[in-house]
Amino acid sequence: MNLKDLVRTIPDYPKKGIMFRDITTLMEHPVGFRRTVDEMVQPFADSAITRVAGIEARGFILGGAVAHQLSIGFVAVRKKGKLPWQTISVEYELEYGTDEIEIHIDSIEPGDKILLIDDLIATGGTAAAAAQLVRDAGGYVVGASFIVDLPDLGGRARLEAMDVPVRALMSFEGD
Ligand code: AMP
């Protein structure tokens, strides 16, 4: 079974010119989902990770499964304004304007070794902001794991330039 065959591509969604890589079809597949989680964790299995940080929203599903697999806790990296307690945040650039992600102020302790999880890396803006957030909280980013990499958009290179090792299970050329 090839995991890439389980990812559905939807042309012109959410707007014209975007090839949307839909991982819901992969997650719906029992063997596919199991293997995806195993393979996202595999390079970091001996890294003494203390917490998984999943990026809203698909990163919650995958990150929860990864945290369970490693028997460690899960930290929710959320869009601004969703978390009920005190937060720290990082703002980042979008194609038009800016966005902001947050974690609870006490969800990462100094010295925590964090694995970042999301479904897909495109420009890397979201994941780079999440890595910055972990560092601002005093944590160490062990790596970042994704199902899909869109290499032409430069996200992997951007994270690697921040000294964050990147794991992706597949890539799609073009955007
Ligand atoms: P970026 O910050 O540019 O790396 O964008 C990453 C986020 O946007 C991820 O959380 C993805 O879920 C979503 N995303 C960006 N481009 C695509 C795409 N072509 N297909 C599916 N999701 C995408």
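Which residue follows helix 4, and is its phi positive or negative? Helix 4 is followed by Gly138, whose phi is positive, near 95°; helices here are DSSP runs of H or I with at least four residues, strands are runs of E with at least two, and both are numbered from the N terminus. The structure is a predicted model, in which local features need pLDDT of at least 70 and side-chain atom pairs count only at pLDDT 80 or more, while totals for chains, interfaces and linings use all residues. Residues are numbered from 1 along each chain as its sequence is written, and side-chain values use heavy atoms, with hydrogens and water left out.

- Helix 3, residues 58-70, has 13 residues and reaches 19 Å from its first C-alpha to its last, close to the 18 Å expected at 1.5 Å a residue, where the expected span is 1.5 Å times one less than the number of residues.
- In helix 3 the buried residues include Gly59, Leu62, Gly63, Ala65, Val66 and Ala67; buried stands for under 20% relative accessible area, exposed for over 50% and partly exposed for what lies in between, with a 1.4 Å probe and protein chains only.
- These buried residues of helix 3 pack against helix 1 (24-27), helix 2 (30-41), strand 3 (51-55), strand 4 (73-79), strand 7 (113-121) and strand 8 (140-149), and the helix is followed by Ser71, whose phi is positive, near 55°.
- The 12 residues of helix 4 should span 16 Å at 1.5 Å a residue, which agrees with the 16 Å between its end C-alpha atoms.
- Buried residues of helix 4 are Gly125, Ala127, Ala128, Ala129, Ala130, Ala131, Leu133 and Val134.

**Nonpolar cores**

- The largest nonpolar core has 27 residues, and those with the most contacts inside it are Val77, Leu116 and Leu159; such a core is a set of buried Ala, Val, Leu, Ile, Met, Phe, Trp, Tyr and Cys residues joined through side-chain atoms within 4.5 Å.
- At least two residues of this core come from each of strand 3, strand 4, strand 5 (87-93), strand 6 (98-104), strand 7, helix 4 (125-136) and strand 8, and helix 4 gives the most, with seven residues.
- Leaving aside neighbours within four places in sequence, Leu159 is in contact (heavy atoms within 4.5 Å) with Ile121, Ala127, Ala128, Ala144, Phe146, Val164 and Val166.
- A second, separate core of 25 residues includes Leu26, Met40, Ile49 and Met170.

**Ligand surroundings**

- The ligand is surrounded by 14 residues, of which the closest are Asp118, Ala122, Thr123, Gly124 and Thr126; a residue is counted if one of its heavy atoms lies within 4 Å.
- An oxygen atom of the ligand is 2.6 Å from an N or O atom in the side chain of Thr123, and a nitrogen atom of the ligand lies 3.0 Å from a backbone N or O atom of Met19.
- The protein covers 80% of the 490 Å² of accessible area that the ligand has on its own, as given by the Shrake-Rupley method with a 1.4 Å probe.

- Asp22 is found in strand 2, residues 19-22, and is buried, with a relative accessible area of 6%.
- Apart from its neighbours within four places in sequence, Asp22 is in contact with Val7, Arg8 and Ile10.
- Gln86 has its place in the loop between strand 4 and strand 5 and counts as partly exposed, at 44% relative accessibility.
- Gln86 touches Ile103, His104 and Ile105, not counting residues up to four places away in sequence.
- Gln86 and Gly138 are 52 residues apart in sequence and 16 Å apart in space, C-alpha to C-alpha.

Note on methods. A polar contact is a pair of N or O atoms within 3.5 Å; within protein, one must be able to donate a hydrogen and the other to accept it, and residues adjacent in sequence count only if both atoms are side-chain atoms.
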